[in-house]
Structure formats: structure tokens, C-alpha cells
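Have the structure beside you while you go through the points.

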Number of protein chains: 2
Amino acid sequence: MIGYSVGIDVGATSIKMALFDSDLQLVSRNDENIFSDKYQLPEGFVSVVGDAVVNMLDKKGLPLVDLSGIGIGLPGCVDSINGTVRDLSNLPDWPETNIKEQMENRLDVPTFIDNDVNIMTIGELVHGAGKGCVNAVCCTLGTGVGGGLVIGGKLYRGTNLCAGEIGHISLFPEDEGCNCGNKGCLENYVGNSAIVERTKKMLKENNLDSAILSELIQNDTGLLTPKIIYEAAVRGDELSSFIWKQTGYYIGMAFANIVNILNPEKIIIGGGVAQAGKILFDSIIETVNSRAIPIATRDLQIVPAQLGEDAGVYGAATYSVRKNFHEER
Amino acid sequence: MIGYSVGIDVGATSIKMALFDSDLQLVSRNDENIFSDKYQLPEGFVSVVGDAVVNMLDKKGLPLVDLSGIGIGLPGCVDSINGTVRDLSNLPDWPETNIKEQMENRLDVPTFIDNDVNIMTIGELVHGAGKGCVNAVCCTLGTGVGGGLVIGGKLYRGTNLCAGEIGHISLFPEDEGCNCGNKGCLENYVGNSAIVERTKKMLKENNLDSAILSELIQNDTGLLTPKIIYEAAVRGDELSSFIWKQTGYYIGMAFANIVNILNPEKIIIGGGVAQAGKILFDSIIETVNSRAIPIATRDLQIVPAQLGEDAGVYGAATYSVRKNFHEER
């Protein structure tokens, strides 16, 4: 019988944690602040996170034995089968570590780990915008561009557990190099810094009206962020609107390729850049509809993620107790 | 219990047909010539193909009741769930027709149909280059570029049964339009006619030595075919070698995107253009290895199809009796 579960989301600056009941309803959140950059070494992480799990249960009067699973989402290379992590983007000092094993030694509760995008995908699939989907693609737009694939109602991780590298679809294969080794990758056009750099360049070229944006940043391009460019677009700034339409155009070109290959029923978009809302989504949808083969877009929906910053804890807890999301070998 | 099965491959000019035993070993082939362009209407097709199936069984002294399934691969839009076909590339006069139903009415044997690329994919997966694969991509290079996806050991058809449209991955999204509605699609660079047209253009530009090719075609560019360009390349023709390397470069760019999305263990390449062998494959492999994310190419194999023109009959018979290849809704 499935009991309670805990979902843990290791983010860029802090660790989110929540307790879920056997119906995967959120029971409580960990209310202590756990900052992920405090843990220079995995042992510290396991110790503090382990204590926080026990405390969270204590407050509800629950013994550890009522816990069926712990799920953890981490940003980096995660081997979801063996339970090892390496090259974590926010914990660069960690050596390759078996976090699954260390957590299980600490608490004696089955623990499952995966990368944050796969965990977010499970969260949205079971609790959010992907409810009921059989074939779907989840995409996070932020510093980078990540992807999670749902095929036949299950997470598809690929042969080396690295499927879904949407950010490294090449849009312009003879354009500038990407740090992945390819050229002209999507991430280089629509990642946070790419959006800011394109805006800077266009401000310099001065071909479109940018009075509203210039006022918002007080003419200091160092203050440019996707958020402020979005605010300017909402207020009618011509240059900022163009930037978001162009961003949607680039994303749409990559999605058209994904749609032609995978023919999903839904593409779910989350992450900071996705907050640009209608102006971005309209451009993405228009581009996909004009470029993907018509039959593949007939039933396609391109929608925003619904769980926001909670996708991680929901996804991690769900992953830990739903065997259909585990990887078999 | 599974008995005999028949695989039928409706090709551009003729219909291939073979009988398989319960171990899916080929027992006999239909030795009559059945030309697919003779059947202007589905009724004629069902009648003549039905007779041929009965004859093939008769010759082995087998009654119809020993037949567990009939599989048919057709080039065009096939609804593998309902059993309907439309827009068949070699039988343009057919209206939308339920071939599954008509065949089952004719012979009272469970009949399953799918498009030729999916059928070839099943053939290669079970009997050919894809044996034992869990996640693989099959690609046919010829007049067009087709794709079949194997995920978790099953055929993945997508939400509208149109997944795997590899030929319409956009390589140069601001280049010339494709008849699919997109721009710069792979098919426009590596389909038969694209290869011939590029060669014509390069012969005119006259930048590379093409003495061997020119002699082979007796200076008549109307005689250019991928086959003759391949022969010239094998004999050391500089221009022809360049054409094949460039073709491999284009294919490799599209495959790098597929590898980054799907992380398959194997890509299997069949069809006429794939006969260009080593010179083409070396260029494809080099391009994929330099462009796809390194972890995704670590175990990746890019190999030629093994069954050649028999992939269709093997795949169709297998499909008809192996339920794991059927589409569920």
C-alpha cells in the first residue's frame, strides 16, 4: 500500500520540500529555509535534508515508516537508474555522488532522483497542464532550454537517459557555435541572456521605437532582463514586442521539428521566459501551425505550465511512489 | 495460438507478398507478378490480392483457417487503427477506403495495415538491423525521406499516427519553401531529385573535377541518377564524392537534432539513396558525432538496413501477428 511521500526540489538557491498523502495531495510544506548553496558537499545535503524530512513528518505526528517514498529533482546530470548525480549546475563542488544510496542509508525510505526537467514534467503530467496526456512534451524556458518527453503516458528518458535536449535543436546549423559542440542551437536564441543580448543589439541599431523600455531601464542596458522587456512589451513598447515575437518565432521553428518527429498532443511550456504570456505564445503557436505538417497540428495544444514553482515538489513526490515513472533496465 | 501469416508490400510498381510460419520464418513468396498500378480501384486490389493469398496457401496445402493474420504496408496516409487509406502515392485514383475491412470481408482473416515506413521499421526491428533494439529510428532515403520510430521496443506512431516525419525536419528554416508548408526541409536537400539537381548545378559551376561522371552520363545531365553519381564517386570522381559527402552532412544535421531529442541506440538507414554506402555513412556519422550532445552519441550506432526490399513483407507479416505493434486507443 502506498503511504505518504516527500517531494524535494533542489533549485538554484533554495531547496523546496513538501509532504504528500497517499492520494498525492499536498499535506504540508517544509517551512525552514534550506539554501542549496550552503551544502558544499553531498554529506551535508543528505544530513540536513534528512533532518528536514523527519521534522516535517514529526509536525504531523507521522513516523518515518509511514513514508513510502522520497523523490528528488536536481539540476544537472542525473542517472535515475543508479541514483548518481554529477555536474550539478548550482552545486559545482560536488563530486559524482550516489544521492539515492546516501538518502536511503540515512532514512531507510525508497528514494528516487531525476533531473529537474523530468521531475517538472511528471508534476505537470499528473497534477498540472498535462493531466490525461498520453504523448506530450514539457519545455522549460529560462537560463537554458530544457525538455521532458511523455510517451505512452510514461516519461521517456532515452538510451543514455538524456532524451529531450530541446535547447540543442539546431535552428541555423551554419551559425555560431554552441558550448554543446553544435551550431545555432535554440538555447542561443531564446535563453535569458540571448534575449537580453538581442535586445541590447537592437537598442543600439535603433530601428524600432523603444522609448518605454529605455525609460524602464533608465537607459542602463545593464538592467535589461526578460522580465523588464516583457513589461515594456505589455505597455506597448515596439522594440520589446518585436523581441518577444521573434523569440516565439525561434521557439516555434524548433517546436515544428519536434511536432513533425513526435506528433505530441500537447506542448507544455514553463520557466521564467514563459511568463511573457500571450505575446510569446501567440507567436509560438502561429509559427508551429504554419511550419509543422498540418495533420500533426490538428489536435495539438501549446499551453503554459500550471504548477509554477510547485511543479518540482509535486513531480518529485509523484515520481517516488508511481512505478510507471521509474526507469527499467 | 499463432499460425501462419502473410506479409504484403504495396510498392511503387509491384506488390510483393510472402507467407511466413508461426516462427515468422519465410515459407514461400508469391511468384505471380502483381503490378500495383493495375488496380485503379480498391475493389480490384482486394479481389486480386485476396486470390493471390489463397493461391499461395493452396500451393503449400494450407487452408485459410491456418492463417492468423495478414499485414499490408502501403505508401501514403494510413490509419492503422481504423484500417483506412488515402492519398496513396502510387494509387492516386483510390478514394479513402477501409482496406482492413474489405480484406477481412473477403478472406475472414484478421488484417492490419500501416504505412510502408512503419512496416519496414517493424521488419528491420524484428528481423534485421534493429534486432534487440529498445529505442531506434528507421529512416528511408529515396524519392522522399521517411521515418519510423521505435520506443520501448514498440512502434511509436504519435497522436495523429503521423510521428517520424524526418523528411520535414527543417535544416535551413529561412531557405526555400517545401510542399509541406515548412521551409528548408531535409527532403529538399537529400531526396533523389534534390541530389540530381545539386549535381546538375555543380556540373554547370564546374568548380570540381567531374570527368568520370561526365563520361558515365555521356554529358547528358538527363541521365543523372543517385546511382550513377554513386558509381562515379566510387571510381574517384571528385564532384560526385563531394555530392555524397554533402548529402551525408545534411542528413547528419537532421539526425543530430533527432539524437538530441530522442537519444536512440540505433539509427537504421534504408532506401535507394542509402546504397551510396561508406562514403555517405562516414559523412553522416562524422556530422552526427560532431553535432549531437556527446553523451547521446556514446552508444549510438548508425547502420544500413539489412533486409533490403524484403523489409516490407517481413514487417507486414510480423505486424499482423505481434500485438505489441498494434496501436491501442
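This is a predicted model: local features need pLDDT of at least 70, side-chain atom pairs count only at pLDDT 80 or more; totals for chains, interfaces and linings use all residues.

1. Staying with Lys278(B), what does its side chain meet? There is a salt bridge between Lys278(B) and Asp282(B), at 2.7 Å from N to O. The two are 4 residues apart in helix α9 of chain B, which means about one helical turn separates them. Asp282(B) is partly exposed, at 37% relative accessibility.

2. Lys201(B) and Glu205(B) form a salt bridge, with 3.5 Å between the closest N and O atoms. They sit 4 residues apart in that helix, so about one helical turn lies between them. Lys201(B) is exposed, with a relative accessible area of 55%, while Glu205(B) is partly exposed at 40%.

3. Now look at helix α5 of chain A. Here Lys200(A) pairs with Glu197(A) in a salt bridge, again with the closest N and O atoms 3.5 Å apart. These two are 3 residues apart in the helix, which also puts about one helical turn between them. Both ends count as partly exposed: Lys200(A) has 29% relative accessibility, and Glu197(A) has 44%.

4. Salt bridges can also link up into a network, and Asp114(A), Arg157(A) and Glu327(A) do this. Over all chains, the count comes to 22 salt bridges. How many are there between chain B and chain A? The count there is 0.

5. So what does the interface look like? Chain B and chain A each put 44 residues into the contact. Together they bury about 3,700 Å², and 52% of that area is on carbon and sulfur atoms. As for polar contacts, 28 residue pairs make them across the interface, counting pairs with both residues at pLDDT 80 or more.

6. Which elements of chain B are on the side that touches chain A? At least two residues each come from β10 (145–151), α8 (238–262), α9 (277–291) and α10 (294–297). The most come from α8(B), with 8 residues. By type, the residues on this side of chain B are 22 nonpolar, 13 polar and 9 charged.

7. Rotating by 180°, with 0.0 Å of shift along the axis, superposes chain B on chain A with an RMSD of 0.1 Å. That is the relation of a two-fold axis. To find the axis from chain B, go to Phe172(B): its C-alpha, at 3.1 Å, comes closest to the axis of the residues of that chain. Of the interface residues of chain B, 100% are also interface residues in chain A, so the copies meet through the same surface.

8. Gln218(A) lies in the loop between α6 (211–216) and α7 (226–234) of chain A, whereas Asn263(B) is in the loop between α8 and β12 (266–270) of chain B. Are they buried or exposed? Gln218(A) is exposed at 63% relative accessible area, but Asn263(B) is buried at 0%.

9. One last stop is Ser320(B), in helix α11 (residues 311–321) of chain B. Ser320(B) is buried, with a relative accessible area of 4%. A polar atom of its side chain lies 2.7 Å from the backbone oxygen of Ala317(B). Leaving aside neighbours within four places in sequence, Ser320(B) is in contact with several residues, among them Ser5(B), Phe112(B) and His326(B).

Methods. Residues are numbered from 1 along each chain as its sequence is written. Chains are lettered from A and ligands numbered from 1 in the order in which they are written. Side-chain values use heavy atoms; hydrogens and water are left out. Contact means heavy atoms within 4.5 Å. Buried area is the accessible area (1.4 Å probe) that two parts lose on being put together, summed over both. A salt bridge is a side-chain nitrogen of Lys or Arg within 4 Å of a carboxyl oxygen of Asp or Glu. A polar contact is a pair of N or O atoms within 3.5 Å; within protein, one must be able to donate a hydrogen and the other to accept it, and residues adjacent in sequence count only if both atoms are side-chain atoms. Ala, Val, Leu, Ile, Met, Phe, Trp, Tyr, Cys and Pro count as nonpolar, Asp, Glu, Lys and Arg as charged, and the others, Gly among them, as polar. Copies are superposed by least squares on the C-alpha atoms of residues with pLDDT of at least 70 in both. Buried means under 20% relative accessible area, exposed over 50%, partly exposed in between (1.4 Å probe, protein chains only).
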